[in-house]
Amino acid sequence: MVHSMTGYGRAEKTFDQETLSVEIKSLNSKNLDLSVRLPQALRIYELNLRKHLSSTVIRGKVEVFVQYTSQKLAPQAQLNSAVIEEYLNQINAIAPGDRLDQLAMALRLPDAVSQEKETAMDAEWEQRLLEVSSEALQGLEAFRIQEGAELQVDLLSNLQTIEEGLERISELDPERGKLQQEKLKEALSALEQKVDENRFEQELIYYLEKFDINEERVRLKNHIAYFRTTIQEKASGKKLGFIAQELGREINTIGSKANHANIQREVVQMKDALEKIKEQALNVL
């Protein structure tokens with residue numbers, strides 16, 4: 001079943017007046033691009049959290065936000081002296097003035113004051129962090145499945161368009177061969193010269209083989225079947241993209257060999273459906 005690469009999941013749990021929340025957002029990306037933001041007190045567990053997340057999210061630009069709040073103790077404000085000093089220097093360089101006014105302005109800027117608990121928590125909090133993260137991942141997974149179902153319907157609809165176009169081309173191909181023979185005969189008649197019938201047949205066979213599209217039709221049919229099989233896999237986005245390239249190669253070759261107006265029209269419709277498949281495949285996990 002198709003899973004979308006985009007998704008959202010959030011979980012929150014309270015442990016004896018201390019609350020831990022995990023929020024996960026996922027967008028499209030060729031590979032896994034994982035960004036984790038943890039409170040200072042939980043950063044010691046970042047590596048294990050990353051391993052835990054990577055085994056599930058697999059691919060995408062994933063942002064994880066972890067928040068900790070406690071009702072036991074009011075957080076103690078911590079002045080970030082280095083940050084404040086840098087703010088003061090920049091403010092003074094732009095608009096020299098009263099130092100106290102500048103300080104009041106600097107204290108309102110980001111990261112000047114920290115409200116986080118700075119000391120590391122005990123090992124029990126690692127298990128709690130992974131537990132809440134797992135619940136958030138379940139939400140992300142549900143979101144991806146829901147969007148993936150819609151993607152799958154659209155992908156298979158466009159694949160059906162290509163398959164129906166191939167069936168019509170197969171019906172038109174015998175007519176194309178007859179038309180090519182008639183055109184060659186008309187061209188030779190216009191020359192008003194005697195033609196060796198055996199040589200003509202040999203040249204005709206060579207010409208028709210050169211423009212034969214039977215192999216391309218067979219390969220295209222196989223690629224369509226492979227696409228249908230692959231789409232049932234969970235993390236199939238990259239493989240579907242590769243198969244779409246192969247579909248395009250066969251469709252383009254049929255178009256270049258066709259030399260038939262109705263077949264060319266079918267090829268155009270197939271190319272349009274293929275472009276939609278390629279675009280949607282980028283959203284598949």
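The dialogue below takes these features in turn.

Q: What kind of model is this, and how are residues numbered?
A: This is a predicted model, in which local features need pLDDT of at least 70 and side-chain atom pairs count only at pLDDT 80 or more, while totals for chains, interfaces and linings use all residues. Residues are numbered from 1 along each chain as its sequence is written, and side-chain values use heavy atoms, with hydrogens and water left out.

Q: What is the strand order in the open sheet?
A: Strands of a sheet pair through backbone hydrogen bonds, in either the parallel or the antiparallel sense. Helices (H or I, at least four residues) and strands (E, at least two) are DSSP runs numbered from the N terminus, and two strands pair if DSSP finds at least two bridges between them. Here four strands make an open sheet in the order E1-E2-E4-E3, and the pairing is mixed. Strand E1 (7-15) and strand E3 (32-37) are at the edges with a single partner strand each, so one side of each has no neighbour in the sheet. From one strand to the next the twist averages 10 degrees, where axes are lines fitted to C-alpha atoms (for helices over the stretch in contact) and angles run from 0 to 180 degrees between N-to-C directions.

Q: In which sense do E2 and E4 pair, parallel or antiparallel?
A: Strand E2 (residues 18-27) pairs with strand E4 (residues 60-70) in the antiparallel sense, over ten bridges. Leu 20 is opposite Tyr 68 of E4. Helix H1 (residues 46-57) packs on the sheet and touches E2, E3 and E4, and its direction makes about 140 degrees with that of E3. Contact means heavy atoms within 4.5 Å.

Q: In which sense do E3 and E4 pair, parallel or antiparallel?
A: E3 and E4 pair in the parallel sense over six bridges, and Val 36 has Val 64 in E4 as its bridge partner.

Q: How many aromatic pairs does the structure hold?
A: Rings of Phe, Tyr and Trp (its six-membered ring) pair if their centres lie within 6.5 Å; planes under 30 degrees apart count as stacked, over 60 as edge-to-face and the rest as tilted. The structure holds two such pairs. Phe 15 and Trp 125 form an edge-to-face pair, 5.8 Å centre to centre with 70 degrees between the planes. Phe 15 lies in strand E1 and Trp 125 in helix H4 (residues 124-191), so this pair ties together parts 110 residues apart in sequence. The ring centres of Tyr 68 and Trp 125 are 5.4 Å apart and the planes are at 90 degrees, so that pair is edge-to-face. Tyr 68 lies in strand E4 and Trp 125 in helix H4, so the parts tied together are 57 residues apart in sequence. Phe 15, Tyr 68 and Trp 125 form one aromatic cluster.

Q: Is Asn 158 buried or exposed?
A: Buried means under 20% relative accessible area, exposed over 50%, and partly exposed in between (1.4 Å probe, protein chains only). Asn 158, in helix H4, is buried, with a relative accessible area of 9%. Not counting residues up to four places away in sequence, Asn 158 touches Ala 273, Lys 276 and Ile 277.

Q: What is the relative accessible area of Thr 56?
A: Thr 56, in helix H1, has 25% and is partly exposed. Leaving aside neighbours within four places in sequence, Thr 56 is in contact with Leu 137, Arg 144 and Lys 234.
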